Amino acid sequence: MRAWRGLRRAVSSALSSGDGAAPGGRPRRRAWETSLSPLERVRRLLPPEEAAAVGRCAAAAARAPPGEEEEKKEEEEAAAPQVPPEGAGARPGPFRAGELALAEVRRKHNTTLKLLCRLAAGSVLASPGGLLPHRDIIGQLPGQVLRTSAGARLLLRRPSLEEYVLLMPRGPTIAYPKDISAMLMMMDIHPGDTVLETGSGSGAMSLFLSRAVGPKGRVLSYEIRDDHHNLAKKNYRHWRAAWEIGHREEWPDNVDFVLQDISTAAADMKSITLDAIVLDMLKPQSALPVVHPSLKQGGVCAVYLANITQVIDLLDRIRTCKLPFLCERIIEVTHRNWLVLPAKIKNCKSSQMVETQENIEEPPQKEYEEIHIQDQVVLKESEYNESLSDDAETYCSVPYVARPSYSQDAHSAFLTKLRKFRPLFS
């Protein structure tokens, strides 16, 4: 600091004596006046009161150690509890009473038996491999393998909507998920849409439509039979109740089940604008004249029919009555299941090895235990005490078997896509 003051005095004396004058008689600018910091430039533009406040803040920041505020913020963020975002899917916690649990049991020929149950403290899950009390499931995390009273292994997890639809109580035949997904793609449903369903059935289509339109959408489900109407409402209510227990957000309550023949609901349809229509009934041609005025221009009507003769009757009725519908597609959805698994192993070789005299005279090979996991077979040696040399290969090349499964998803329905258009008038 003393050296700096001395330099200032020396420069001042030089300027006063005229030695530091620039050519032309103009005085030279001091070294500390050649440039201003950004903060100083801002301070000179502000009123005196605000400039003084800025100067005090700058002085306080200069006195604080560098990086102290950043470290303090990081420590506060680390100490703060991590709050998960609202509506963040399934709970990471264990099973709770009232939830739906799905048990998978491996059977012969690489098949899986799925059992659906609602957990209750005093109930028991009965399977072909023995009994498993619900109290042993409650409190366990999904994805664990538990043993029954007979020693059989059960894989416990939460069911998906597809699995619930296939395992829930049925009255009439349900629309299968493979067909429902294709129909949802046909109609191009968005959250917030209003969709009409004729033929509630067991409630399978209603559940998928409820998820597709979201909390801001609406589904109108008409059913003419009282028993089907009650069953669809019951299945929908059970799924919503189990969902609220096992998830943070509620399943939207956006389905209105109506016990009425759709052909007599012309008055109700006048005040509704529909984004899409699903017809799952024996004679959908009787409902088209009633529902088509409420469908928006360019909207899609997806029809679920079991026989091709029903499709012919539908198209003939549209042609003869000159209804404003254009048939875009008629499809059936088929899935071909495949089986891919390792072949049986004998002494780290394929089971198709040639039987030689040397192989026949060898002592019997050690037994292997098969552990089935979904569509794979893991071969585990039950007794293996031989020590492998350092040069021996730990893993052997295993041939795989790949072929179509014996059980395939057969034909279930014909899906017809009708689009509403505005007819041309001459």
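Analyst: Helices and strands here are DSSP runs numbered from the N terminus, a strand having at least two residues. The model is a predicted one.

User: Which strand holds Thr-198, and is Thr-198 buried or exposed?

Analyst: Thr-198 is placed in strand S7, which covers residues 194-198. Buried means under 20% relative accessible area. Thr-198 has a relative accessible area of 2%, so Thr-198 is buried.

User: Which residues does Thr-198 touch, leaving aside those up to four places away in sequence?

Analyst: Thr-198 sits in S7. Leaving out residues up to four places away in sequence, Thr-198 touches Tyr-222, Ile-262, Val-278, Leu-279, Asp-280 and Met-281.

User: Why is helix H8 described as largely enclosed by the rest of the structure?

Analyst: H8 spans residues 204-213. Ala-204, Met-205, Ser-206, Leu-207, Phe-208, Leu-209, Ser-210 and Val-213 are its buried residues. H8 is largely enclosed because the buried residues number eight of the ten.

User: Which strands pair with S19, and in what sense?

Analyst: Strand S19 covers residues 414-420 and is mostly covered, with six of its seven residues buried. S11 (residues 295-305) is joined to S19 by six bridges, and Val-300 stands opposite Arg-419. S12 (residues 325-331) also pairs with S19 over six bridges, with Cys-327 opposite Leu-418.

User: How many residues apart in sequence are the parts tied together by Glu-163 and Lys-114?

Analyst: Glu-163 and Lys-114 form a salt bridge, with the closest N and O atoms 3.2 Å apart. Glu-163 lies in helix H6 (residues 161-167) and Lys-114 in strand S2 (residues 111-118), so the pair ties together parts whose separation in sequence is 49 residues.

User: Where do Asp-316 and Arg-319 lie?

Analyst: The side chains of Asp-316 and Arg-319 meet in a salt bridge of 2.8 Å, N to O. Three residues separate them, about one turn of the helix. An α-helix has 3.6 residues a turn, so residues three or four places apart point the same way. Both Asp-316 and Arg-319 lie in helix H12.

User: Is Arg-319 buried or exposed?

Analyst: Exposed means over 50% relative accessible area. Asp-316, at 36%, counts as partly exposed. Arg-319 has a relative accessible area of 58%, so Arg-319 is exposed.

User: Which residues form a nonpolar patch on the surface with Ile-312?

Analyst: Ile-312 is in helix H12, residues 308-321. Ile-312 is exposed, with a relative accessible area of 53%. The patch has about 260 Å² of accessible area together, and the residues in it besides Ile-312 are Ile-308 and Ile-330.

Technical notes
Residues numbered from 1 in each chain as written. Predicted model: local features only at pLDDT ≥ 70, side-chain atom pairs only at ≥ 80, totals over all residues. Heavy atoms only, no water. Patch = residues over 30% accessible without salt bridge, like charges linked within 9 Å, V, L, I, M, F, W, Y side chains within 5 Å. Areas by Shrake-Rupley, 256 points an atom, 1.4 Å probe, with all protein chains shown as cover. Salt bridge = Lys/Arg side-chain N within 4 Å of Asp/Glu carboxyl O. Helix = DSSP H or I, 4+ residues; strand = E, 2+ residues; numbered from the N terminus. Buried < 20%, exposed > 50% of the residue type's maximum accessible area, 1.4 Å probe, protein only. Contact = heavy atoms within 4.5 Å. Pairing = 2+ DSSP bridges.
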